[in-house]
Amino acid sequence: MRRPILNSSLAVLFVLATLLAQQPAPDLVFTNGKIITVDERFSIAQAVAIRGDRIVATGTNQEIGQLAGPNTRRIDLKGKSVIPGIIDNHMHLLRAAATWTKEVRWDGVDSRKQAVEMLRARVKAAGNNGDWIYNIGGWTHHQFADDPRPFTREELDQIAPNNPVALQESYFQVFLNSKALAMLKIEAGAPDPAEFVKGSIVRDAAGKPTGVVQGDIAGTRVVASKMPRVAPEQLEASAQALVRDMNRAGLTSVGVPGCDADILGILEKWKAAGKLNVRVFCIIGAAAANPATVDRTIQQLPGLKLFQGDSYIDNVSFGESVYSPLHDPMFATTSNPTADQLEIWRKLAMAIAQAGLPLHVHAELSHTIDTFLDQVEAVNKEHPIKNLRWALAHVNQINAPQLERMKKLGMYAAVHPWAVINGGIMHEGFGTGADDMPPLATIQNSGIVWGLGTDGTAANQTLPFTTLSFAVTGKMAGGRKVIRQTISREDALIAHTRKNAYFVFQENNLGAIQAGKLADLVVLDRDYLTVPADQIKDIKPVMTVVGGRVVYDVANAR
Ligand SMILES: [Zn+2]
């Protein structure tokens with residue numbers, strides 16, 4: 001009785017093998033590697049074959065080698081490890097293009113000495129021409145392992161006597177030199193310029209501005225808004241440099257809150273030419289800013305078109321704010337939403353659910369998360385959100401009961417550990433409360449679907465291996481241990497790849513190295529799974545592939 005069954009399955013196998021053999025040969029094969037597939041079993045392969053923009057097979061060197069034809073490009077990995085293209089589920093990527101090439105970025109710079117050298121080099125290149133020397137976030141002085149000191153006005157005057165300097169630490173504060181203070185009309189013996197919120201401009205006992213401007217909303221952001229943008233004819237080159245930096249860091253896909261239309265236009269053009277090197281999944285929609293605009297926002301919701309794009313550019317959810325007055329400012333330590341505000345939040349959320357839209361919403365402090373979940377539970381009774389993939393984003397102060405409520409609602413957690421650069425500041429503000437911001441093990445053990453992101457480029461740095469290192473070691477950039485709860489390197493990688501594919505609605509295409517998925521992968525200079533934990537931050541991609549195209553190759557890098 002058994003024999004015919006065995007024969008028929010052998011026959012099926014034979015037919016399958018024949019079909020496979022008749023397929024055109026792959027365009028590209030990687031062999032002799034350690035392919036960390038991040039599939040559901042977290043399996044490891046030796047080799048991978050790519051045809052067009054998709055992965056066609058993973059397997060042993062022999063299995064994949066057999067598929068190669070005369071025109072197949074073969075890359076011998078010489079034992080190197082390969083991971084899926086990394087996805088950041090929340091980075092303000094497009095906004096950054098307007099300043100990227102003008103900024104002195106300190107992502108991954110953990111030495112103050114080096115940071116100062118970079119400043120001096122920029123001043124020298126500017127040639128005393130009076131140009132602004134600046135950055136808009138992405139760092140804090142706590143990351144300088146050699147000398148974690150803030151900058152002073154005098155020091156910056158010495159570095160740049162003839163150029164205005166503005167160095168923005170995340171959204172916490174900005175350091176200005178004398179030229180910058182003069183340009184911004186922040187003067188001794190004169191009132192603060194009206195745009196700044198009272199108290200944001202720090203003065204000494206004699207009333208002289210110290211060069212420090214503090215605070216998120218009407219402090220750092222006012223200074224940032226005055227920084228020169230690249231000239232229109234330079235915008236494309238700046239966007240290109242930005243995407244190139246992302247590819248160099250191993251990023252291939254990004255969830256982007258508020259996709260800026262002018263940059264999106266450039267990306268669309270690149271896509272049409274087959275040279276868009278990062279996938280962009282937009283979180284769109286304008287939150288009502290006050291009670292008067294609520295009805296208008298609600299009327300616009302049904303017209304919001306999502307999922308009209310493709311696996312390179314698409315709009316995937318509403319966000320990242322529902323009602324702007326209920327948007328926890330960065331570094332706020334208390335949250336006091338009023339009943340009126342929450343009622344409006346619920347009304348808007350109800351309309352979002354009714355319109356059948358996914359939602360990705362900024363929620364940071366524990367009390368805010370509780371009150372939002374109260375509203376979502378009420379919404380869910382009238383318009384079930386189960387299949388809408390609603391996510392709370394940032395959630396550094398989330399707790400176990402909240403994670404349970406979210407799971408019941410079918411919600412997800414987009415985790416953006418601000419402490420990666422802000423750990424020092426958060427400990428100043430929250431004391432030991434910051435020890436579990438975020439509570440990574442609690443999140444992982446809750447079983448909720450969750451993914452890692454940065455919330456860069458201003459609130460946080462952008463390098464995924466710095467984020468992965470933080471998740472595994474609990475150490476912020478520069479090496480200070482700032483959180484207690486850590487997770488395994490496997491779980492961290494899953495959260496930065498396969499789980500994030502879910503957040504950008506591309507789980508059938510992205511997030512793992514598997515036959516049928518899009519060929520987005522990163523070859524690493526050392527093995528993520530075995531390198532000492534303290535070296536995870538130092539891992540460097542040597543090659544990044546997007547849709548089967550090599551978009552970064554260290555051998556050809558400038
Ligand atoms: Zn946010």
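These notes cover a zinc site and a disulfide in a predicted model.

1. Ground rules. The model is predicted, so local features need pLDDT of at least 70 and side-chain atom pairs count only at pLDDT 80 or more, while totals for chains, interfaces and linings use all residues. Residues are numbered from 1 along each chain as its sequence is written, and side-chain values use heavy atoms, with hydrogens and water left out.

2. The zinc site. Glu 320 (OE), His 362 (ND1) and His 394 (NE2) coordinate the zinc ion at 1.9 to 2.2 Å. Donors here are N, O and S atoms within 2.8 Å of the metal (3.2 Å for Na, K and Ca); water is not among the atoms, so sites may look incomplete.

3. Zinc donors along the chain. Their spacing is E-x41-H-x31-H. Glu 320 lies in strand 16 (residues 313-320) and His 394 in strand 18 (residues 391-394), 74 residues apart. Helices (H or I, at least four residues) and strands (E, at least two) are DSSP runs, numbered from the N terminus.

4. Buried means under 20% relative accessible area, exposed over 50%, and partly exposed in between (1.4 Å probe, protein chains only). Glu 320 is buried at 12%, and His 394 is buried at 0%.

5. The disulfide. The whole structure contains 1 disulfide, a term for a pair of cysteine sulfur atoms within 2.5 Å. Cys 259 and Cys 282 form this link, with S to S 2.0 Å. The angle about the S-S bond is -85 degrees, which makes the link left-handed.

6. Setting of the cysteines. Cys 259 sits in the loop between strand 14 (251-257) and helix 9 (261-272), and Cys 282 in strand 15 (residues 279-284), 23 residues apart. Cys 259 is buried at 15% relative accessibility, as is Cys 282 at 0%.
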